[in-house]
Amino acid sequence: MEGLKMLLGKVSQLWRYPVKSLGGEAMECARLTHSGLVGDRHWAIYDPQAPVIRSAKQWPALLSMQARYLSAPGDGDYHPRVAAVNLTAADGTQCASDNHHLTAWLSRQLGHPAQLRAREPAANLDFYRLPTARSTEDIAAELGLSANDSLPDFSIDSTELANALATCATPPGALYDAYPLHVLTQDSLHYIEQASGLNTDCRRFRPNLLLETAHPSPRLTEQEWLGASLAIGEALIHIHTPTLRCSMPGREQAGFGLAAQPALPRAIAQLAGRNLGVNARVLRPGTVTVGDPVYLTQGDP
């Protein structure tokens, strides 16, 4: 492998989330592309009344639903070629994306008129566009900030991304919030759990890659990798920014047996400056498998 500098650890878990904000599928092997993990967030819940793409920030009930693919998703698939999914609600009932009763079933489960929509090419801006641009108050509400909290500094994000997210629910052409890949270490989860006494089941945080470090220690390990590149299996990824946390990890996820923990977002704010996990981009596509070693590489990406 090229320019390897240090063994950091190994891949502990791999996750993909077929539908934005819904629980996902644990995987043994996955392919990473420049768009992220193949099959990750190829669908979203759409509010036809607003109209807008919805996430658990607005509709927390989404957190207690789960999605799995009925066939293998393809890299770069867009509507109408996105692979079919099956949805499971908190009450255990299920409905597939090709079921003509899906819209009625989904609307009953969520208590709102709701549709399941496949992602669209970036050129179809109407699908991604917000009804009104995000205001300072909107951002504060999404992050669960109190009146005494100050807004975070978004200057580390690119101007292009910041401009897109001011007027669109997600980056056009994608259904992730901002970055294609989310990486988390068990170190960070153990640190928050030990310091706060709260449950830090990784399903609360929706990582794509959960890593076990070679020398486990309860600390915010992945924050030490900002700006670095990691070789994992056949892939090479660049650690771009910290993952800024909103109130969602503290919400109930009834479908997964995870109780509400309102103190969790406050603990993350106090112990980690609201940052837990890191956002990443894929520099070199490739296959990644649970158990693969993770290396810090030499040089800039």
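Let me start with the contacts of Y176 in this predicted model, where, leaving aside residues up to four places away in sequence, Y176 touches K20, S35, R41, T170 and P171. Y176 itself is found in the loop between α4, residues 159–167, and β11, residues 181–185. Is this tyrosine buried or exposed? With a relative accessible area of 16%, Y176 counts as buried, because the cut-off for that word is under 20%. If we then look along the chain, W43 is 133 residues apart from Y176, and yet the C-alpha atoms of the two are separated by 10.0 Å.

Moving on to helix α5, which spans residues 186–196, the buried positions are Q186, D187, S188, L189 and I192. When you look at that pattern, please keep in mind that residues three or four places apart in an α-helix point the same way, because such a helix has 3.6 residues a turn. Just after α5 comes G197, which takes a positive phi of about 75 degrees.

Which strands does β14 pair with? One is β13, residues 229–232, which pairs with β14 in the antiparallel sense over 4 bridges, and here L230 stands opposite I237. These two strands form a hairpin with 2 residues between them, and in that turn G233 has a positive phi of about 60 degrees. The other is β15, residues 275–284, which runs antiparallel to β14 and is joined to it by 7 bridges; in this pairing, the bridge partner of H238 is R281 in β15.

Note on methods
Residues are numbered from 1 along each chain as its sequence is written. This is a predicted model: local features need pLDDT of at least 70, side-chain atom pairs count only at pLDDT 80 or more; totals for chains, interfaces and linings use all residues. Side-chain values use heavy atoms; hydrogens and water are left out. Buried means under 20% relative accessible area, exposed over 50%, partly exposed in between (1.4 Å probe, protein chains only). Two strands pair if DSSP finds at least two bridges between them. Contact means heavy atoms within 4.5 Å.
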